[in-house]
Structure formats: C-alpha cells, structure tokens
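Student: Hi! Could you walk me through a couple of spots in this model?
Tutor: Happy to, let's have a look together.
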Amino acid sequence: MERVEFQKLEFISEVFTSGFICLWHAVASWTWDAHDETCGICRMAFDGCCPDCKLPGDDCPLIWGACNHAFHLHCILKWVNSQTPQAHCPMCRREWQFKE
Amino acid sequence: MTADALSSVCNLGVLDSLSEASVSEILESWNSFCLITEAIVKGDDSGLSSSYSKFQSYVSSLCKYGLRSLVEEHFLISLQDMLEKHVAPKFWKNFDAYSNVTDLEENDKDMQEDEVELLLCKALEEISLEKQYQEKYLLMLVKSLQLCKDSTSMEGHPSDVEKFFFSKYQLIVSSVLMTTLPRQFPEVLHRYFKGRLEELSTIMAGNYEDNELQDGNDMELYGKGKHATRFGNMDIDGSYDQKKILENKLVRNIGMVVHNLRSLGFTSMTEDAYASAIFLLLKAKVYDLAGDDYRSSVLESIKEWIQAVPLQFLHALLDYLGDSISYLSPSSMKSPLASSPSSCYPGASKPSEGIIRWQLRLEYFAYETLQDLRIAKLFEIIVDYPDSAPAIEDLKQCLEYTGQHSKLVDSFISALQYRLLTAGASTNDILHQYVSTIKALRTIDPAGVFLEAVGEPIREYLRGRKDTIKCIVTMLTDGSGGNNNGPGNSGDSLLEELNRDEENQENAGLDDDINTDDKQAWIDVQRWEPDPVEADPLKGSRYRRKVDVLGMIVGIIGSKDQLVNEYRVMLAEKLLNKTDYDIDTEIRTLELLKIHFGENSMQKCEIMLNDLIDSKRTNTNVKATINQLSQTGSESREREVSFDIIDTTIISSNFWPPIQDEVVNIPEPVDQLLSDYAKRYHEIKTPRKLLWKKNLGTVKLELEFEDRTLQFTVTPVHASIIMQFQDQTSWTSKNLAAAIGMPEDTLQRRISFWISKGIIAESSGEDSNDHLYKLVDSMADGGKTGINNEELVADDDAERSVASVEDQLRKEMTVYEKFIVGMLKNFGSMALDRIHNTLKMFCVSDPTYDKSLQQLQFFLSGLVAEEKLELRDNMYFLKK
Ligand SMILES: [Zn+2]
Ligand SMILES: [Zn+2]
Ligand SMILES: [Zn+2]
C-alpha cells in the first residue's frame, strides 16, 4: 500500500501543506561528568571500564573522593583495600575519603 | 618354393628309372588332374561328381610316383590364383562406392548405414559361398590323398591331415584378402556395427519403456535394474517375448556377419570395428543421459545401460559364435573374446572372463567420459550448487575410479580465470562461487588438497579488490532476506548455515543443551587458527568441518581481526539507523560470531548491542518520568510536539567505531525536547550525562498534501531541511545552509533527496552561485519534478526511504527484462532461482547482474503485475 503511494510521488504536483514528525529517533553518547579523561589508577578511559569489567557505565561506575579526584569504583576499592590502615588518594596523596 | 619342395620330396634319380609307360601315365594323369582342377577352380563343376573317381585315380597315380606334393601345391596355387584374380576383386568391388568416405557425411548417414548393412551381408554371403565351394573340393582332394597308400610323407591321423590343409587354405584366403584390402573396409565395418548397435539399443529402449509401464511409475531406477537382470531369464510375457525375438534375430544376423568375417580372417579387424562402434555408442549414451542436467545422478543409469545393451550384445554374440568358433577358426587367431565358448544357453552361464574384461573396459570408458563432461561444466555445476549435488557425487565416483583429479584442477582453474576472475564479475558473485566451490569440492576431495590448488587463484584475485572484506562480512552475517523463518531458509546468513549444518550432523546426539554446546565451541575456538594446515585429524569431524569453510574464507584476508572490525563498522551503521530497539537478529549473529571468532574478539560488538538494550530501558524510564513532570509542571510553554515522538539510542562511544560528527540545526521544538531529555537523563544517571549526535538517527515524517499524506523515513538532516519549508516555502541555498548550520555544498548534496522526490524544486537564483529552492507548486513547477537519480546515488546515505530503494531497483533491473523474456521464450517456464542463476551466468558484464534473489523476485512480481509475466506453481511464464 505504501509502495503504491510512493511510486506516484513522481507525479506529485500539489503543494504540501504541513509536515509532522511521527518519530525522532535520536542518538547520543553518554559520558561521566568528570574533569579528567582517564582513571589515574588503571590509566583506562573513564568512559571505558576498569580492567576487571566487561561492560562500561552502570556496571563500572566512577567514584569521587573528598579531594574531588575521580576513579573507577573498582580501581579505588582495590587500592584502598591494599593500603592499610589508611589509604591516600593516588593523585594528590591526601587522605582518601569518599565524597558525600 | 616349388623347386625346393620338389627337391626335398622327390629324388630326381628316380626319373631315370622310369619306363616309357610310366612317363606317359604320369603325363596323362597330370594333364587330366590339371584340367579337372582348372574346371573346379573356374566353377565349372557340372558333371564333376561323376568324374570324382577319375580325379581320385589321377591323384593316386601321381602319388604313386611320388608327386604328391606337386599335386597339393598345384591345387592350392590354383585356388589361390582364383581367389586373387576373381573372388577377392569381386568381393572388394562391392565396396567401391565407399572408396572416398573417410569422413562421415552427417546428412545421409542413416541411409548409408542401411545400404552398408545390405551390401556387407550380401558380399559376405557371396564370398562365403565361394569359399565353401572351394572348401568342398579341397575336402575332395584331401579325401583322395588319404586314399593313397603312399601317405608316408604325411604321417599322423587323417583328421590332422585335414586340419593341416584347411589351415593352409585359411591362411591363403586371409592373406589374399589382406593384401588386397581396400582402405575403406574398416570404416565400412565400423558403420555396419554402429548401425546394428543403435538398432539394438532402440529395441532395448523399447524394453525399458515397456518395463516401466509394467512396474507402474514407482522407482524407475529399480525397475531398470530389475529389468537388466531379468533380461537373461527369458521371462514369459507377450510383448517382452516379442522384443526378445526381435533382439535375437538381430543378434543372429550380426553373429552371422561376424562369423563370416572371422572365417575370412578378419577376426581382429572385426573386433576393432564393433569395439569402436560400442564405445562410440556408449559415448553418445553418456552424453545423452548426462546432458546439462546436474540435479540428478546418471551414473547408475549409465551402468545399467552398459549391462542392458553392449554387454547383452556381446554376451549374445559370444554365445552365438561360441560353438562354431572352436574348430572353424584356428586357435592362433583366437581373440580374447573367442575364449568363451561357455554354454549356448544365454544367461544360464556365469559371465565369462571376456565379458568381465569388457565390462571393466566399458565402465572405465563411461566413467572417464562422464568425468570429462562434468569437469568441462564444473563451473556451471558449482554455480548451481547445492542443487547440483548429484552431479558432484557422480563426478566424485568417476574420479575415484579414474584418479584423474589433476584434470579437474587444471580445467577448473582455467574456467575460473576465464569466467569468474574478471572485472565484470561482482565481488559478491566471486565470493559465493568460492564458497560453493569449497562446499562442492569438499565432497570430492575431503582432504582439501585439490581445493587448495583451486582456491588459491580466487583468493589471490579477491585480495586485489577493495570491497572484499565488506562482502565477506555481509555474506557471513547478513541473510539478505533478513528473516529467520526457521531452518532451511535461503535467507540465512552463511554463519547460520554453517552452524545449522553442524547441528544437523550431530543431530543423532542427545537433546543438546545450548550452553554446553557453546562452551565446547568456545573451547574449540581457543585452538582455532585461520590457516589450519594439518591440524590433527583426530580432533573429530565437528571441529574440522567448521574450520574448513570458515577458515578458507578468513584465509582470503589472512586475519580474523580485519573481519571483526569490518563487522563492527557495519553493525554500528545498522544499529544507528534503527527506528526501534529490535536487535534479535544482531544478537543471534553475534552469538554465532562469538562461537567462531572467540568472545574476546567480539567484546566491543557485545557492548554495542548492550547499549541498545540499555538505551531501551533508559529511554522508557526518562520518558515516563519527564511526562509526569510536564503534566504537573507549567503549561505555559505551548508544546507542538510531545516526548512521545522522541526515542534515543545512547552509545558508549569508546567502544563504537569513530562516528562522523556533523553539525546540524534540527527543528527548534525537537531541539528543546532533546535538551529536556538530556537534563532528565542527567538527573537519573548522575554523574553521567548525554552528548547529542544530532546528525545521527532516523526520523519518520508525514508530509501532508492537499489530498494525501505521505510518509518518509529519513535522516535528521533531511528532516531538518524539509521542516524549514513549513514556514517559508522558498529559500536560497546560502540562507538555507545557514539556517541548517551546514556548509552549502553539503546542503546541496542532501537536498537532492527532496528534489528527487519532486517535493522541492531547484532553480538558479539571481546570484549564479546561489541556488533557489522552492516547494513544488502545482501550477508553476509541475514540469520540473523529474527524478534526479544520479545525485541521489552520489549522496551515499541519503536514500533510506523505502520508496527510493525500490524505485532504484526497478530502474536498475529494467535492463534485464529483455534477457528474462528471451529466456522464458526459450525455456517456456522457469523457477525463480533458475532465472537468477541464469542471469548470473550470462550477465557477467555489460550489464553485470548483481542482484539478490529477493530483488529479482521483487522485480518479477512487478512484471507479473504489469501482466507481462504469469506466475503459476512457482514457475514464471510469458503472458500470452
Ligand atoms: Zn580505573
Ligand atoms: Zn570495573
Ligand atoms: Zn585526590
């Protein structure tokens, strides 16, 4: 049915009066709202994922420290766990605390 | 020789002791003997029977004087003289008419053959009568000699004496005929046997039909086979008997001729003649049965025919000659055939050694003939694969018998060079032929040795083509029909097919758990190398088989990474052009790719698909919550469009191939919606945020005309362009480019889509560099609505509306219309795939046929709608 109409298009001579958008399927990319591009621990892109993960985004989130430095959550957790008793930010050496 | 013989037998001293009386007796006897001999030889034997006793007394008196050998010599020489002077020339004179027929004249062949038969039979009968006549008197001489007391010089049994004389006479006959043999005689014999065999073959063919009728039409082959064995059993049945009689009569006639020829000493020449006639007929039969039909096996029919016609003939002939041969022809002249006097009951005896040797010879010849025939047409056979699988199976058996695989390789490679590896052939066709070649030759050559030789020129050629990788990926992953209507669908991708083949192979197993299957496959993949030269064959056919075809395809490129990259680009293109989130097909393909190329290689593609799944969820979430807000929030802003029309694909851009960013000003209301959407996303997903790629995606539009509404699916750029004309019906290219926010030349390229649809008209403005675009007006611009196809093609991704693709296809296919009509005129009716294959075969250049089966079907359905063609029972006919 559609085809018939389209074939007749060649002979259209009316003025079209108005157009409607039925669907606008847009494309966007997501990004972490971070200042840096890469994680200071694993050196991978923030918009990618840490070496232990397969899927980026929700599955491998970023986390900010009180010092405003961001890391992959998985990276900083590993780091924090390895630095006992007190961990420091790998970037600024300040005492590590998760941002509220 | 005469003098020698005389001196050795006669003692000349004896002459001195002869009395006058003796001398006169000798002279008288000799003279009389010579006179009678002359009369006999001349055929003037009237009243000779009365003088038999006289002849005998002359002979014995001559013998008495020790002149026996003189008598013998004279008699035989007289016979020979007669043969040389009269009998042989008279015999050969019969064939004078054929003295310059070294080449067969095709036009009056049949007539000549009938003539040959009559002539040969008559001539042989005549000369045989002459021979019998001479033999009669030879026997008379022998008898006379035996009566002589003085038979000391010829010791031995009387029958030995007879044998001696007859073999001597036989030798004389043969040598006289051989030395006077005209050049054309072998050809005459050949024609005779050819004619007779054809006649016999026709009678047998009659038997076939008859037999099939009796058996009903079920299992034709079985019927034939049964018949062939039943042949010798003298089945009592009216019409069958009739034919048997006919056949027997014919064989008896031939037997008579062969018998006569042999007795004249033409044994080996005769055998050569009927052998060559048999082979000629067999060759014709193979050609006839095999023909250009590759979809059924003919080998069995050929073997049955060998049993039914030539072997029956030989068997009957040998049986006929069997009892007479043994004493008539001297053992030194026996042919291998003659060694089978066996029994005179046809069919009752075991096949003789001679017959078995004949069978082997004939079968070898048939195999070789069929093999050569199939090899010459291997290219077409492979085009037709897998429908042509029976022909391939035949060829396989032939090659196993003859071992001439190298012939196949040489011939096929040159066919490839000539037919396929040319600039006119599309990369797709070459690839499909390559894959068909692999599949077909794998049957013949499971070790892949010859396949390697044949495949290399194709791979080499494909490496020189730019679009090879793209085509390979498409072939592997795209079912071109795009639908999965279950197994056996021709629209399946190659990967799907390879997978299915494999599943079919292990069907016998338990109900396979898909997970363990995948796991096993994955383990296999770890060991997978693109080029497994001699991977250990103990690894099981399952692993080997899969690697074979795919490995040889990957082998064209050399690395799977390139393939995977190409697939990723194509997948991105496909995903970004979706209007919905339906990715079932892509998921399935990815699973298959993971099995073959490993999960790690496919990681990025997996994330891309995952993005689509996530996008769908997020999209629902965002829209649901944003609508709530807008309902509760201020109504002050008048919304022309609602969030219902917005869908978003949100990608993890790090894992996608580089995406072309193009600035475009999309319609203001949409732009507003998108920024609201992004805001809402950020609220939900903090600290993640959205970056719009406004040039990407798809837009479904409805354009309203005075009396109709038309739908389009276009890119955001195209949508933005046309929406600009809602408020202002005419734009200069400069202003429009500024409004859309893109360079003028890009705009000009993109707007050609709308021009081609007859919705916007282009004219040159006041400034010659500036074009003027106007909505088409019915009164003024009606004539300017022609389609501008060239520009549409040049704009690589602009033709995504359904209409343009189909229009384009119809235009492109029109050149094939005359081919199709011509074919249908010739063949009456054809199925879709046959038309497709024939076009592929014949339209290799100018214009090259590169359409898919679906495209062809679409085009043909158009011709049916135009009432040029008819479609009945899946066959296309010309409409009368
Ligand atoms: Zn990290
Ligand atoms: Zn992670
Ligand atoms: Zn810090």
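Tutor: Keep in mind that this is a predicted model. Let's begin with the nonpolar surface patch: helix α13 of chain B, residues 353-376, gives the most to that patch, with 3 residues.
Student: Which residues form the nonpolar patch, and how much accessible area do they have together?
Tutor: The patch is made up of B:Ile356, B:Leu360, B:Tyr364 and B:Tyr401, and together they have about 350 Å² of accessible area.
Student: Where is B:Tyr364 found?
Tutor: B:Tyr364 is in helix α13 of chain B.
Student: Switching topic, what coordinates the zinc ion, ligand 3?
Tutor: The zinc ion (ligand 3) is held by A:Cys67 (SG), A:His69 (ND1), A:Cys89 (SG) and A:Cys92 (SG), at 2.0 to 2.4 Å. In sequence, these donor residues follow the spacing C-x1-H-x19-C-x2-C.
Student: Where in chain A do A:His69 and A:Cys89 lie?
Tutor: A:His69 lies in the loop between β2 (62-64) and β3 (70-72), while A:Cys89 is in the segment after α2 (73-82), so the pair ties together parts that are 20 residues apart in sequence.
Student: And why is the arrangement around that zinc ion tetrahedral?
Tutor: Because the 4 donor atoms around the zinc ion (ligand 3) subtend angles of 103 to 114°. For reference, ideal angles for four tetrahedral donors are 109.5 degrees.
Student: Is A:Cys89 buried or exposed?
Tutor: A:Cys89 is buried, with a relative accessible area of 0%, whereas A:His69 counts as partly exposed at 21% relative accessibility.

Terms used
Residues are numbered from 1 along each chain as its sequence is written. Chains are lettered from A and ligands numbered from 1 in the order in which they are written. This is a predicted model: local features need pLDDT of at least 70, side-chain atom pairs count only at pLDDT 80 or more; totals for chains, interfaces and linings use all residues. Side-chain values use heavy atoms; hydrogens and water are left out. Patches are made of residues with over 30% relative accessible area and no salt bridge: like charges are joined within 9 Å, nonpolar side chains (Val, Leu, Ile, Met, Phe, Trp, Tyr) within 5 Å. Accessible areas come from the Shrake-Rupley method with a 1.4 Å probe; for residues, only the protein chains shown count as cover. A salt bridge is a side-chain nitrogen of Lys or Arg within 4 Å of a carboxyl oxygen of Asp or Glu. Helices (H or I, at least four residues) and strands (E, at least two) are DSSP runs, numbered from the N terminus. Donors are N, O and S atoms within 2.8 Å of the metal (3.2 Å for Na, K and Ca); water is not among the atoms, so sites may look incomplete. Four donors count as tetrahedral if all angles lie between 85 and 135 degrees; four count as square planar and six as octahedral if opposite donors are over 155 degrees apart and all others between 65 and 115; anything else is irregular. Buried means under 20% relative accessible area, exposed over 50%, partly exposed in between (1.4 Å probe, protein chains only).
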